[in-house]
Amino acid sequence: MKYIWIEEERERGFAEFRRKFFWRGGRATLRITADYRYAAYIGGRLVSNAQYADLPERKSVNETDVTPFLKKGENVLYIVAAHAGEDFAVSRTMVAAVGFEILENGEVIAASDENAEGRVAANYEIGDKITSQIGYGWRYDFTAAGGPWRPGRKVETGFSEVERPVKAPTISSPLPCEVVAQGIFRYRGGKTAAERLQNAWMSTLRFSEMTGKERLTAAASGEPLRFSAAGGDGADGIFFIVDLKRETCGHLTFCVVADKPCKAAVGWGEHLADLRVRTEREGRNFACELALKAGENALDEYLYRIGCRYLCMYIESESAELVRLSVRETLYPFRLPEKHFGDRLLDKIYETGRRTLMLCAHDHYEDCPWREQALYGMDSRNQMLFGYGAFGEYELPRASLRLFADSLEKDGLIPLCAPARGRITIPSFSVYWLL
């Protein structure tokens, strides 16, 4: 497969690509891979994402039937991709690159070649570091227009391609949620977006006062809600918090209608301890910054996964309409055989434990979808052992074990996390891996 990237040399960042192609009506398949993260669209609809965490020697290629997304004649494949430029627990940095082929009845009709165009991503920018395990997050600018498209730059990667060793995670519709708090805020400082949200002065207002509707009938209805705090008493803007009703993980999705161009931020967390979502914890930053345009601002964010129960949005305006603020839950497609133990409490414990396993499995088993998302040599052993009984599935543990084998250090020990580079090794983890 050929590989391309944009002309601009950057330590880390986002790029976007487009490739026009002609489809005659046969069965069409997209084969695609990237050094770090990507999301691919045809006709504005997501067709592939979730780059498998791998190594250059075994670069995983996703294969997707895209026939249902095509129209006869000209189509456009659009890709947005991220380059980490630094090693983290979830991945090791590689040559910045995207490679793809579209095949119709087995014949290549489009590829990442001289006919593909690219540029620095118009809307994405590098954000604050989420955690030392996950790496950098993102900012999103709805007001940016983007630069000119140019032919993609050919890249020599040295990748050795293999098929994705496990199934791709499923992506749900936006989860139902309920607005549980709303009001006005004033920022009180902070180096990161998450710190500013965490430190903000907040004053709640009644739901009916801000929306003109009754909480009991409107807070969880799923219908658009217009929040307003005219006057604001010197506040920087309005906020609202939604409850997804239980722990989940997946892709952030939102739609807000702004009265004017303004700044905003979305944060996520696992509990409400003092009114606010805990967006900053000991240097970890669970928030992204937004630049909103006047009118509708909608985003389904398919490059990153977040783990949370609560979401908050702070908008630097005295009013805005909330159409949607939720998560598209993303889970590995396990089989879920029925098991009953003749006791309601035991059944509930089993159901909760199995869901916890599911939330901690995507490309591989992982530690904590909230702050780590990484494959650990010891933690994953427990997950695998319980998973054998809960799911009767062996592809995911086999692939996880193989990632450690491929990441083996020269001293014969496995790294703390695979496929990360071995900055830290806990020797006992190598023994657990063998077991």
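The questions and answers below concern backbone geometry, aromatic rings and cavities in a predicted model.

This is a predicted model, in which local features need pLDDT of at least 70 and side-chain atom pairs count only at pLDDT 80 or more, while totals for chains, interfaces and linings use all residues. Residues are numbered from 1 along each chain as its sequence is written, and side-chain values use heavy atoms, with hydrogens and water left out.

Q: Which two residues does a cis peptide bond join?
A: Helices (H or I, at least four residues) and strands (E, at least two) are DSSP runs, numbered from the N terminus. The loop between β31 (417-418) and α7 (427-434) contains Pro419. The cis bond, with omega of about 5°, joins Ala418 and Pro419.

Q: Is Glu282 buried or exposed?
A: Glu282 lies in the loop between β24 (280-281) and β25 (284-285), and its phi is near 50°, a positive value in a residue other than glycine. Buried means under 20% relative accessible area, exposed over 50%, and partly exposed in between (1.4 Å probe, protein chains only). The relative accessible area of Glu282 is 69%, so this residue is exposed.

Q: What is the relative accessible area of Gln373?
A: Gln373 is a residue other than glycine with a positive phi, near 60°. It is found in the loop between α4 (344-359) and β30 (375-376). Gln373 is buried, because its relative accessible area is 7%.

Q: How many aromatic pairs does the count come to?
A: Rings of Phe, Tyr and Trp (its six-membered ring) pair if their centres lie within 6.5 Å; planes under 30 degrees apart count as stacked, over 60 as edge-to-face and the rest as tilted. By this rule, the number of aromatic pairs is 23.

Q: Why is the pair of Trp5 and Phe17 classed as it is?
A: The ring centres of Trp5 and Phe17 are 5.6 Å apart. The pair links distant parts of the chain, 12 residues apart, with Trp5 in strand β1 (residues 4-5) and Phe17 in strand β2 (residues 13-23). Trp5 counts as buried at 5% relative accessibility, and Phe17 is buried at 0%. Because the planes of the two rings stand at 55°, the pair is tilted.

Q: What is the angle between the planes of Phe334 and Tyr365?
A: Phe334 counts as buried at 9% relative accessibility, and Tyr365 is buried with a relative accessible area of 1%. These two residues form a stacked aromatic pair, 6.5 Å centre to centre, and the angle between the planes is 20°.

Q: Over which ring does the charged end of Lys59 sit?
A: A charge sits over a ring if NZ of Lys or CZ of Arg is within 6 Å of the ring centre and within 35 degrees of the ring normal. Arg186 lies over the face of Trp201, at 5.2 Å from the ring centre. For Lys59, at 5.1 Å from the centre, the ring is that of Phe159.

Q: Which residues are the closest to the centre of the largest cavity?
A: On a 1 Å grid over the protein atoms alone, a cavity is a set of points where a 1.4 Å probe fits but cannot get out, and lining residues have an atom within 4 Å of a point. The search finds 5 cavities of 30 Å³ or more. About 400 Å³ of space lies in the largest cavity, a volume being the space filled by probe spheres set on the points, which are joined across faces, edges and corners. Of its 27 lining residues, the closest to the centre are Tyr36, Arg37, Gln51, Arg305 and Asp363.

Key: On a 1 Å grid over the protein atoms alone, a cavity is a set of points where a 1.4 Å probe fits but cannot get out, and a pocket is an open set with protein on both sides within 12 Å along at least five of seven lines; lining residues have an atom within 4 Å of a point.
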